[in-house]
Amino acid sequence: MLTFIRPGLRKPAVSALAGLVFAAAWLVRGGPLWWISIMAVIATAVRVISLYRLGTQDTDEGALAGSRADERQTLVGLRSRALACNIAAVASFIGLTAAIAGRANWWWPFLVILAVTGFGYLFGLSSYGSGEPD
Amino acid sequence: MRNRVREQRTQQGLSQAELASALGVSRQTVISIESGRYLPSLPLAFAIARFFGMTVDKMFDPDQEADSC
């Protein structure tokens, strides 16, 4: 994926795209908070430059940011992402139960996040071999 | 698991960066392998052993604790 982009530019490009979509969302929303889109563009530019500079460094983080990680660095990245997903699932569960207990009407975004992480886990199991026949 | 990567590398007068470049991995990974913090995959273990002209079982000894540094 994204192999048509030079490795050092892949993560900055994805970050730039996400930041611009986020900024566009604020612009499309309009209203008195439209200026947040400008702040989002500035923050995105800073993040893209930081990511690019990080990607040139001779560190594990630099290798991951520069899309040139070897097997150990890839494993470190995968474990970090797995930890992030675990934390997201636990946080969304806590949010869901707190919202239900507090009779709040904002419980469903937590349920969506929990369902998506659960589905992602099951999809990963089926994609990466747990369903292989004996 | 103890390994002889550092011993072999210093014997051949190679830096960690030179070995990393020859194996196609990062310098940090060579450091982690030498200190026993990271066990390489089978293909990388074979590549290391082949690079030093040894067999994998001579290069990696599962019966001994890794050197700590």
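Reply: Leaving aside neighbours within four places in sequence, B:I48 is in contact with B:V5, B:L23, B:I33, B:P40, B:M59 and B:F60, where contact means heavy atoms within 4.5 Å. This is a predicted model in which local features need pLDDT of at least 70, side-chain atom pairs count only at pLDDT 80 or more, and totals for chains, interfaces and linings use all residues. Residues are numbered from 1 along each chain as its sequence is written, chains are lettered from A and ligands numbered from 1 in the order in which they are written, and side-chain values use heavy atoms, with hydrogens and water left out. Chain B has an average pLDDT of 92, and 94% of the residues score at least 70; pLDDT is the predictor's confidence in each residue, from 0 to 100.

B:I48 also belongs to the largest nonpolar core, which has 16 residues. Such a core is a set of buried Ala, Val, Leu, Ile, Met, Phe, Trp, Tyr and Cys residues joined through side-chain atoms within 4.5 Å. Buried means under 20% relative accessible area, exposed over 50%, and partly exposed in between (1.4 Å probe, protein chains only). The members that touch the most other members are B:V5, B:I33, B:I48, B:F52, B:M59 and B:F60. At least two residues of this core come from each of α2 (16-23), α3 (27-34) and α4 (42-51) of chain B. Helices (H or I, at least four residues) and strands (E, at least two) are DSSP runs, numbered from the N terminus. The largest share of the core, four residues, is supplied by α4(B). In soluble globular proteins, nonpolar side chains tend to be buried together.

Helix α3 of chain B also takes part in charged pairs. The side chains of B:E34 and B:R6 meet in a salt bridge (3.4 Å, N to O); the term covers a side-chain nitrogen of Lys or Arg within 4 Å of a carboxyl oxygen of Asp or Glu. B:E34 lies in helix α3 of chain B and B:R6 in helix α1 (residues 5-11) of chain B, so this pair ties together parts that are 28 residues apart in sequence. B:E34 is buried, with a relative accessible area of 3%, whereas B:R6 is partly exposed at 30% relative accessibility. B:E34 forms another salt bridge with B:R9 (2.4 Å, N to O). B:R9 is in helix α1 of chain B, so its pair with B:E34 joins parts that are 25 residues apart in sequence. Both B:E34 and B:R9 are buried. Together, B:R6, B:R9 and B:E34 are linked in a network of salt bridges.

In the loop between α2 and α3 of chain B sits B:S26. B:S26 is buried, with a relative accessible area of 13%. Apart from neighbours within four places in sequence, B:S26 is in contact with A:D70, A:R72, A:Q73 and B:A20. The side chain of B:S26 makes a polar contact with the side chain of A:Q73 (3.1 Å). A polar contact is a pair of N or O atoms within 3.5 Å; within protein, one must be able to donate a hydrogen and the other to accept it, and residues adjacent in sequence count only if both atoms are side-chain atoms. B:R27 forms a salt bridge with A:D58, the closest N and O atoms being 3.0 Å apart.
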